[in-house]
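Here's a walk through a protein model, taken a piece at a time. Keep the structure open beside you and click along.

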Amino acid sequence: MRHILQSGQNRCYDSIGTEISCQGSGHDGEWQPGAAWPTHRFEVQDRVVVDHLSGLTWTLDANVGEFPCTWMEAFDQIATMNREQYGGHIDWRLPNRHELRSLISYQAKNPALPSCHPFINLFLGWYWSSTSAAINPAYAWSVHTEGGRMFYGRKDQAYLFWPVRDAGNGLLSSTGQQHCYNVLGEEIACAGTGQDGELRMGNPWPDKRFIVNGEVVHDQLTDLFWLIHADLSDGPTTWQEALALVQEWSLQRTGDGLLWRLPSINELASLVDCGSHSPALPFGHPFTGLNDGYWTSTTSYFETSWAWVLYLNKGACGVGNKPLREFFVWPVGVAAPSNGA
């Protein structure tokens with residue numbers, strides 16, 4: 001599995017939010033898929049913090065701007081930081097959507113950051129990313145640090161910003177966004193904007209991302225496998241029904257060399273193309289039977305009777321009430337270990 005980070009979730013909760021044993025649950029807390037977090041993830045270096053998981057460098061002060069500002073004002077303030085060589089650096093930028101989400105721990109709340117984080121002046125609210133929302137480019141993606149939600153806000157609204165620098169270590173992929181937009185949502189030339197569409201930070205996607213083999217699709221960016229028909233349940237289910245359905249279905253496929261389960265929020269969000277919407281999937285994708293909302297195996301730690309959901313038309317990461325029959329099921333597969341492994 002490539003370009004996916006562990007969510008941080010290491011505990012499991014049932015449909016009413018009670019903590020349970022992870023063994024055999026199929027939850028994110030049991031599998032903990034993705035790149036593991038280092039024991040000493042964050043290193044403070046004067047006014048900056050190096051994240052040894054992503055390779056990115058952040059400002060130690062999570063509110064360098066002091067006050068909420070519009071999206072364009074965030075770019076302007078970062079330009080001022082570079083002129084003044086904040087922390088001894090001249091290459092600060094607004095993080096893209098993937099970079100901003102990489103700070104989130106799904107086993108934490110108030111803030112939804114790893115318990116070992118050293119950051120100061122953290123605001124429990126929305127932080128801007130440099131990624132415009134393809135469904136309406138007058139809006140940009142943002143992350144709420146209280147619980148980890150990711151949605152988009154109008155670019156003339158006032159949020160905080162958290163500068164980042166460095167290109168990372170290759171664990172994060174690019175978002176797919178290739179164009180730039182002003183506050184009205186009009187496409188503009190990217191040069192000098194600092195937007196995601198200009199910088200395109202992260203590991204580039206392979207030329208041919210999806211390989212179809214019968215009813216299974218191999219994503220060559222992440223090395224994950226997905227059903228080509230993205231509706232295992234043929235209708236909405238509860239969260240527990242989704243987990244049980246995937247476990248039962250996977251027992252019938254023991255000969256395909258793959259281990260199937262309900263994806264974590266980071267695995268499911270890896271499919272999103274931030275240059276597309278309705279669905280927010282890469283152009284030319286092979287998938288059929290697409291729906292808007294999909295369950296993940298990741299519980300919302302902010303309210304453990306809820307679980308994370310990917311809203312595929314927008315590309316947003318939100319939550320759903322586990323007992324409600326509202327969302328759909330799209331299993332993910334990983335290569336089974338060889339005998340003796």
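This is a predicted model: local features need pLDDT of at least 70, side-chain atom pairs count only at pLDDT 80 or more; totals for chains, interfaces and linings use all residues.

Let's start with helix 2, which has 13 residues and reaches 19 Å from its first C-alpha to its last, close to the 18 Å expected at 1.5 Å a residue. Colour it by burial and you'll find that Trp 71, Ala 74, Phe 75, Ile 78, Met 81 and Asn 82 are buried. As for what lies against them, the buried residues of helix 2 pack against strand 5 (57-59), strand 6, strand 7 (139-144) and strand 10 (180-181).

Met 72 belongs to helix 2 as well (residues 71-83), but it is partly exposed, with a relative accessible area of 32%. Together with Val 183 and Leu 184, Met 72 makes a nonpolar surface patch of about 260 Å². Just after the helix ends, Gln 85 takes a positive phi of about 55°.

Now jump to helix 5 (residues 239-251). At 1.5 Å a residue, its 13 residues should span 18 Å, and its end C-alpha atoms are 19 Å apart, which agrees. Here the buried residues are Trp 239, Ala 242, Leu 243, Val 246, Trp 249 and Ser 250. They cover an arc of only 140° around the axis, which puts them on the same side of helix 5.

Next, pick out Cys 317 in strand 18 (residues 316-321). Is Cys 317 buried or exposed? It is buried, with a relative accessible area of 2%, and the cut-off for buried is under 20%. So what is Cys 317 in contact with, leaving aside its neighbours within four places in sequence? The list is Arg 101, Arg 149, Met 150, Ile 265, Ala 269, Trp 308, Val 309 and Leu 310. For a sense of distance, Cys 317 and Ala 307 are 10 residues apart in sequence and 11 Å apart in space, C-alpha to C-alpha.

Last stop: the backbone. Most residues other than glycine have a negative phi, and most peptide bonds are trans. With that in mind, look at the loop between helix 3 (97-101) and strand 6 (126-132), where Pro 111 lies. The peptide bond from Asn 110 to Pro 111 is cis, with omega near 10°. Asn 110 also has a positive phi of about 50°, although it is not a glycine. At 40% relative accessibility, Asn 110 counts as partly exposed.

The other spot is in the loop between helix 6 (265-269) and strand 16, which holds Pro 279 and Ser 278. A cis peptide bond joins Ser 278 and Pro 279, with omega about 5°. Phi of Ser 278 is near 55°, a positive value in a residue other than glycine. Ser 278 is partly exposed, with a relative accessible area of 43%.

How values were computed
Residues are numbered from 1 along each chain as its sequence is written. Side-chain values use heavy atoms; hydrogens and water are left out. Patches are made of residues with over 30% relative accessible area and no salt bridge: like charges are joined within 9 Å, nonpolar side chains (Val, Leu, Ile, Met, Phe, Trp, Tyr) within 5 Å. Accessible areas come from the Shrake-Rupley method with a 1.4 Å probe; for residues, only the protein chains shown count as cover. A salt bridge is a side-chain nitrogen of Lys or Arg within 4 Å of a carboxyl oxygen of Asp or Glu. Helices (H or I, at least four residues) and strands (E, at least two) are DSSP runs, numbered from the N terminus. Buried means under 20% relative accessible area, exposed over 50%, partly exposed in between (1.4 Å probe, protein chains only). The expected span of a helix is 1.5 Å times one less than its number of residues. The arc is that of the directions from the helix axis to the C-beta atoms. Contact means heavy atoms within 4.5 Å.
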